[in-house]
Amino acid sequence: MNNYDLIAPFYDAEHAQFSEDFDMYRNFAELCGGKILELACGSGRVLLPLAEDGYEVTGVDTSAQMLDLARQVLDDAGLSKHCTLVQQDVCTLRLEQKYRLAFIALGSFAHITSRVQQKQALAAIRAHLSVGGTFILDISNGDLRYMEGMSGQMLHQGTWQSDDQTWLSHFVSPAASHDRHLLELTHFYDQHHQGGPVQRTVVTTHHYLFERGEIELLLEQAGFQVKDTYGDYDLAPYQLESPRLICIAEAR
């Protein structure tokens, strides 16, 4: 089973209110015009505001459960006609159109941990962009580097209460590789009602730790020209300790 099928029931409790990157994507959507492609779209967190702005958006994800959530969100908002949802792997992406803007939000590209697949994914994205189109690649930087130094510890990510009075807590235990730029995260999702038993779901994810020069080279090899590299959603210059590593690339 896809790991994000397991995470899907908890994903929105943790991320639904996160909107720090919305303005960035909306601004680039206005600059680029035309159709938009989101890879690893998840439950539709970013698709929704773009659809609300009237853009024609295609969302791609490998998780059927995540896409079901996105479909429900878009249906509830009456915006399904603006969006096409597709279950595919970005490494073997095959869509019947080209786009002016494509992006991967919230660090999802780091789940592709082999160099061969990273190159395949970027080449597939380039093939679906018009010449001169824009690709935005947002990679987590500060948080993952912090976790890399916390191997073997348990980190509390947050606790949330749902409408039915169920409590959800998310804990993460990181483990860094000694010979690869790789971080393994074991996620513990604990659900319970007040005074009741705890139901635990355990999921393991892997994240590649990219260096700036490394990801810029991969983009260039895939047929992109890196225009800018930023360190946060306000588009501040990237530094080693920046929270994000955001590359803005143009399809050559």
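Reader: Why does Phe135 count as buried?

Author: Phe135 has 0% relative accessibility, and buried means under 20% relative accessible area, with exposed over 50% and partly exposed in between (1.4 Å probe, protein chains only). The model is a predicted one, in which local features need pLDDT of at least 70 and side-chain atom pairs count only at pLDDT 80 or more, whereas totals for chains, interfaces and linings use all residues. Residues are numbered from 1 along each chain as its sequence is written, and side-chain values use heavy atoms, with hydrogens and water left out.

Reader: How many aromatic pairs does a search of the whole structure find, and what makes the pair of Phe10 and Tyr189 stacked?

Author: The search finds 6 aromatic pairs. In the pair of Phe10 and Tyr189, the ring centres are 4.7 Å apart and the planes make an angle of 15 degrees. Rings of Phe, Tyr and Trp (its six-membered ring) pair if their centres lie within 6.5 Å; planes under 30 degrees apart count as stacked, over 60 as edge-to-face and the rest as tilted. Phe10 belongs to helix 1 (residues 3–15) and Tyr189 to strand 8, so the contact ties together parts 179 residues apart in sequence. Helices (H or I, at least four residues) and strands (E, at least two) are DSSP runs, numbered from the N terminus. Phe10 counts as buried at 4% relative accessibility, and Tyr189 counts as buried at 4%.

Reader: What kind of aromatic pair do Phe135 and Phe224 form?

Author: Phe135 and Phe224 form a tilted pair, with 5.4 Å centre to centre and 35 degrees between the planes. The pair links distant parts of the chain, namely strand 5 with Phe135 and strand 10 with Phe224, 89 residues apart. Ring pairs also join Phe109, Tyr208 and Phe210 into a cluster.

Reader: What makes the contact between Glu52 and Arg26 a salt bridge?

Author: The N to O distance between the side chains of Glu52 and Arg26 is 3.9 Å. A salt bridge is a side-chain nitrogen of Lys or Arg within 4 Å of a carboxyl oxygen of Asp or Glu, so the pair qualifies. Glu52 lies in helix 3 (residues 47–52) and Arg26 in helix 2 (residues 22–32), so parts 26 residues apart in sequence are tied together. Glu52 counts as partly exposed, at 49% relative accessibility, and so does Arg26, at 26%. Arg26, Glu52 and Asp53 are linked in a network of salt bridges. The structure holds 9 salt bridges.

Reader: Which parts does the salt bridge of Arg244 and Asp138 tie together?

Author: The side chains of Arg244 and Asp138 meet at 3.0 Å, N to O. Arg244 is in strand 11 and Asp138 in strand 5, so the pair ties together parts 106 residues apart in sequence. Arg244 counts as buried at 10% relative accessibility, and Asp138 counts as buried at 0%.

Reader: How far apart are the closest N and O atoms of Arg200 and Asp190?

Author: The closest N and O atoms of this salt bridge are 2.7 Å apart. Arg200 lies in strand 9 and Asp190 in strand 8 (residues 182–192), so parts 10 residues apart in sequence are joined. Arg200 is partly exposed, with a relative accessible area of 48%, whereas Asp190 is buried, with 10%.

Reader: Which residues of helix 7 are buried, and what covers the buried residues of helix 7?

Author: In helix 7 (residues 212–221), the buried residues are Glu214, Ile215, Glu216, Leu218 and Leu219. Their cover, judged by contact (heavy atoms within 4.5 Å), includes helix 5 (115–127), strand 5, strand 9 (199–208), strand 10 (224–230) and strand 11 (244–251). Gly223 follows helix 7 and has a positive phi, near 105 degrees.

Reader: How many cavities of 30 Å³ or more does a search of the whole structure find, and which residues line the largest cavity?

Author: The search finds 1 cavity of 30 Å³ or more, a cavity being a set of points, on a 1 Å grid over the protein atoms alone, where a 1.4 Å probe fits but cannot get out. The largest cavity holds about 60 Å³ of space, a volume being the space filled by probe spheres set on grid points joined across faces, edges and corners. Its lining (residues with an atom within 4 Å of a point) consists of Ile139, Ser140, Asn141, Leu144, Arg145, Tyr208, Leu209, Phe210 and Leu245. Strand 5 (129–140) and helix 6 (142–148) each supply at least two residues of that lining.

Reader: How do the residues of the lining of the largest cavity divide?

Author: They divide into 6 nonpolar, 2 polar and 1 charged. Here Ala, Val, Leu, Ile, Met, Phe, Trp, Tyr, Cys and Pro count as nonpolar, Asp, Glu, Lys and Arg as charged, and the others, Gly among them, as polar.

Terms used
1 Å grid on protein atoms, 1.4 Å probe; cavity = no way out; pocket = protein on both sides within 12 Å on 5 of 7 lines; lining within 4 Å.
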